[in-house]
Amino acid sequence: MDLLKGIENYIMSGETTKERLGLEIEHFVVDEKGFPIEFNRITTLIRDVAVELNAEIDYTDGYVVGYSNDEYSITLEPACQLEISINPHASLASIEKIYEGFTKLFEPRLQEMGYHFVMKGVLPLVELSAITPDELTLSPKKRYEYMDRYFEDTGKCGKYMMRSTAATQVSVDYKNEKDLIRKLVILEKISPILMIMFENKKRHNSVIKGVIDKPHLFRTQIWDDVDPNRAGFFPGSLLGDFSYKRIAKEVYNLPLILLTDEGNTRYVGSKSAKDLVEDNIINEDEVDDKRGFSLIEHFLSMGFYHFRIKKYIEIRVVDALPIDKALGFASLIKGIVYSNKNIDVLLDELSDIDSVDKIKDAIITIEEDGLDAVIYNNKTAEEWAEYLTKLALSELIDEERKYLRV
């Protein structure tokens with residue numbers, strides 16, 4: 001398989017006329033003092049629930065790390081954050097029902113064990129500087145061991161990102177290349193507003209001593225200081241020649257850190273997929289469709305951009321949220337992204353935001369001033385938030401508007 005062309009074809013295969021939403025929420029699982037659950041306890045719980053559901057158990061390096069069924073999948077993140085990824089639905093009510101089923105399974109069991117869910121952008125004990133990430137243990141997966149090693153030399157926040165952050169992610173469909181670009185461009189431009197609309201801190205005036213000196217968007221500040229080669233905005237996304245081909249080229253040339261292939265994980269450092277092919281570590285002549293599909297998904301997973309492009313656009317700019325706020329986020333996205341009218345309006349109003357640097361400037365201002373920050377067109381972030389909400393509400397049906405409570 002030609003892997004470069006395979007990446008392009010993989011993204012193209014996501015084209016659909018459906019207008020669905022996927023929802024992912026990462027949960028901190030903590031005891032009464034706020035410390036995360038131990039790896040062996042959470043993996044035992046995951047296995048027990050999976051067996052009860054007759055779900056397919058996922059293993060990595062011999063460990064139970066999740067399960068999947070027809071409605072959702074469970075994944076264990078670097079420091080035992082528990083992520084639920086709900087399969088795409090057009091109906092917000094369907095997503096809500098699935099999430100409620102998940103919590104009914106897990107919350108009573110966790111309570112018996114002395115643990116509970118916390119949804120925040122940063123683990124509260126870390127946000128309040130009560131502990132540092134060095135006091136938190138990574139899951140014993142080679143992937144995380146290798147990432148931890150690599151990020152020691154790429155930024156100051158790798159440990160913070162892996163051990164103490166959690167997000168809410170919404171994914172949206174695209175019809176074709178042009179539609180993907182339109183949606184991505186407008187999502188990138190409004191991303192600073194989304195970040196502050198759904199900021200979820202433990203304490204309004206907290207600052208992570210010695211690491212974060214601006215009082216807002218902690219999780220964004222942390223992720224932006226992990227590795228400039230794989231964080232932030234997708235390279236070239238606001239340029240006129242952006243395309244499936246360009247996306248594939250960026251992914252093909254991304255430093256991979258590690259390679260997971262045929263059940264094995266090895267450290268590859270700064271080598272890219274292109275390097276691995278040229279060095280014959282991956283022989284494309286031996287790569288069939290199944291293996292190629294798995295490799296491509298791995299390559300895509302190693303880009304930590306604010307918006308990750310797979311067979312959908314994954315919106316990764318919002319803190320972990322309780323379900324009511326998460327559904328509000330999803331409904332806002334639905335009312336904007338699945339309305340050509342709203343996209344056209346916003347593309348016109350934000351036409352002067354023609355570079356990533358201008359978006360970054362807005363983020364920096366919001367990190368300092370929060371909703372009071374004056375950003376695009378001399379409006380505050382709060383005014384933009386109200387405007388986006390109004391636009392979304394105008395396109396949502398009655399039963400969906402109830403979710404848009406920010």
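**Figure 1. The largest cavity of the predicted model.** The largest cavity holds about 60 Å³ of space. The structure has 3 cavities of 30 Å³ or more. A cavity is a set of points on a 1 Å grid, over the protein atoms alone, where a 1.4 Å probe fits but cannot get out; lining residues have an atom within 4 Å of a point. Residues lining the largest cavity include Phe-234, Leu-254, Gly-303 and Arg-308. Helix 9, helix 11 (289-301) and strand 10 (307-309) each give two or more residues to this lining. Helices (H or I, at least four residues) and strands (E, at least two) are DSSP runs, numbered from the N terminus.

This is a predicted model: local features need pLDDT of at least 70, and side-chain atom pairs count only at pLDDT 80 or more, while totals for chains, interfaces and linings use all residues. Residues are numbered from 1 along each chain as its sequence is written, and side-chain values use heavy atoms, without hydrogens and water.

Figure 2. Arg-230 sits in the loop between helix 8 (218-224) and helix 9 (244-252). Arg-230 is buried, at 0% relative accessible area (buried means under 20%, with a 1.4 Å probe and protein chains only). Its side chain reaches the backbone oxygen of Pro-255 at 2.6 Å. Beyond its neighbours within four places in sequence, Arg-230 has contacts (heavy atoms within 4.5 Å) that include Tyr-150, Leu-254 and Gly-303.

**Figure 3. Helix 1 (residues 3-12).** Its buried residues are Leu-3, Gly-6, Ile-7, Glu-8, Tyr-10 and Ile-11. Their cover includes helix 7 (177-197), helix 10 (273-278) and strand 10. At the start of helix 1, a side-chain oxygen of Asp-2 comes within 3.2 Å of the backbone nitrogen of Leu-4.

Conventions: Buried < 20%, exposed > 50% of the residue type's maximum accessible area, 1.4 Å probe, protein only. Polar contact = N/O pair within 3.5 Å; in protein donor to acceptor, adjacent residues only side chain to side chain. 1 Å grid on protein atoms, 1.4 Å probe; cavity = no way out; pocket = protein on both sides within 12 Å on 5 of 7 lines; lining within 4 Å. Points joined across faces, edges and corners; volume = space filled by probe spheres on them.
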